[in-house]
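Subject: Structure handover

Dear colleague,

Here is the structure I said I would pass on. My notes on it follow below.

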Amino acid sequence: MRKLFITIMLAMPLFGMAQNDGGWVNPNVTVTTEEPEAKPAKETKKKDKKSNEPTAPKKKKKKEPKVVVSELTPDNPDYKYLVEDAVQVVDGYVTWVLDFDAPGKDAKQLYDEMLAYLQAMTKGENQLEGSNVSLVNPSQHKIVAHICEWLTFKSSFFMMDRAEMDYHLFVDCTDGHVKVTMARINYKYHEGKDRELLKAEEQITDKAAVNKKRTRLYPITGKFRRKTIDRKDELFEDIRKQILIGKIE
């Protein structure tokens, strides 16, 4: 009996090994085989890291060089107002002179025509109070007119930017010739308490309205220079046409 017990005890480890061998199972125990959780794969390299593939270098945008105008050229839109003789100063006054021949007409005829022109002009729509023919000298065929009128810089439905401009016209007629001098130009700008009294000598000369390189006009004084020159050109052209062809087109 003792030998049988010893034999059984020695055989028990073999049964245990047999159950773990895969061929032996316990019918009272449900065995579930769980697969070990797979370790998550290592994350790939961050997307924002550059790939090993060579990439073309980014081209830097070239800054366009600033165009610096160093001298006055005819293609400048303000060329007419920037040239040296655009505004002339004589004896301390801004002065322009219209001097032209009128063949076939004597001094008296030219005097009468200029007087009629100026009298009509001072009654025009753009004229202001004080605009008149101030002095006449029939024997010497000379006329002095004081002109007061609007000088308009900008006009629109929303705003009106303008100044009162007054100046003198000195007319001298000789046989076959007319000379008209425009001088003593002044402006009244703004209304009421803000009204400014400005002299052309302080407003439209080269020193007041043109930069040192003579390539551009200053914003405020430049608009006075531009519009005053335009008005002078318009007036002189009208006088020439009135005398030479008898009408203003």
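I start with a charged pair. Asp161 forms a salt bridge with Lys223, with 2.7 Å between the closest N and O atoms; the term covers a side-chain nitrogen of Lys or Arg within 4 Å of a carboxyl oxygen of Asp or Glu. Asp161 belongs to strand S6 (residues 160–174) and Lys223 to helix H6 (residues 219–244), so the pair ties together parts that are 62 residues apart in sequence. Helices (H or I, at least four residues) and strands (E, at least two) are DSSP runs, numbered from the N terminus. Asp161 and Lys223 are both buried, where buried means under 20% relative accessible area, exposed over 50%, and partly exposed in between (1.4 Å probe, protein chains only).

Two points on how to read all this. The model is predicted, and local features need pLDDT of at least 70, side-chain atom pairs count only at pLDDT 80 or more, while totals for chains, interfaces and linings use all residues. Residues are numbered from 1 along each chain as its sequence is written, and side-chain values use heavy atoms, with hydrogens and water left out.

Around the first pair

Lys154 is in strand S5 (residues 142–155) and is partly exposed, with a relative accessible area of 47%. Leaving aside neighbours within four places in sequence, Lys154 is in contact (heavy atoms within 4.5 Å) with Met159, Met160 and Asp161. Lys154 and Lys223 are 69 residues apart in sequence, and their C-alpha atoms are 9.8 Å apart.

Other salt bridges

The count of salt bridges comes to 13. One of them joins the side chains of Arg231 and Glu234, at 2.9 Å from N to O. Both residues lie in helix H6, three residues apart, about one turn of the helix. Arg231 is buried at 16% relative accessible area, whereas Glu234 is partly exposed at 44%.

Asp206 is partly exposed, with a relative accessible area of 23%. Arg214 is in the loop between helix H5 (206–209) and H6, and its phi is near 55 degrees, a positive value in a residue other than glycine. His141 likewise has a positive phi for a residue other than glycine, near 60 degrees. His141 sits in the loop between strand S4 (132–137) and S5 and counts as buried at 19% relative accessibility.

The nonpolar patch and the rings

Which residues form a nonpolar patch on the surface? They are Phe157, Phe158 and Met159, with about 460 Å² of accessible area together. Patches are made of residues with over 30% relative accessible area and no salt bridge; like charges are joined within 9 Å, and nonpolar side chains (Val, Leu, Ile, Met, Phe, Trp, Tyr) within 5 Å. Accessible areas come from the Shrake-Rupley method with a 1.4 Å probe, and for residues only the protein chains shown count as cover. Phe157 is exposed at 80% relative accessible area, and Phe158 is exposed at 78%. Met159, in the loop between S5 and S6, is partly exposed at 38%.

The structure holds five aromatic pairs. The rings of Phe157 and Phe158 have centres 5.3 Å apart and planes at 90 degrees, so this pair is edge-to-face. Rings of Phe, Tyr and Trp (its six-membered ring) pair if their centres lie within 6.5 Å; planes under 30 degrees apart count as stacked, over 60 as edge-to-face and the rest as tilted. Ring pairs also link Phe153, Tyr187, Tyr189 and Phe224 into a cluster.

Arg162 lies over the face of Trp150, 3.6 Å from the ring centre, and the charged end of Arg226 sits over the ring of Tyr81, 5.8 Å from its centre. A charge sits over a ring if NZ of Lys or CZ of Arg is within 6 Å of the ring centre and within 35 degrees of the ring normal.

The chain as a whole

The protein chain has six helices and eight strands, running α-α-β-β-β-α-β-β-β-β-β-α-α-α from the N terminus on. Buried residues make up 33% of its 249 residues. The accessible surface comes to about 19,100 Å², of which 54% belongs to carbon and sulfur atoms.

Regards
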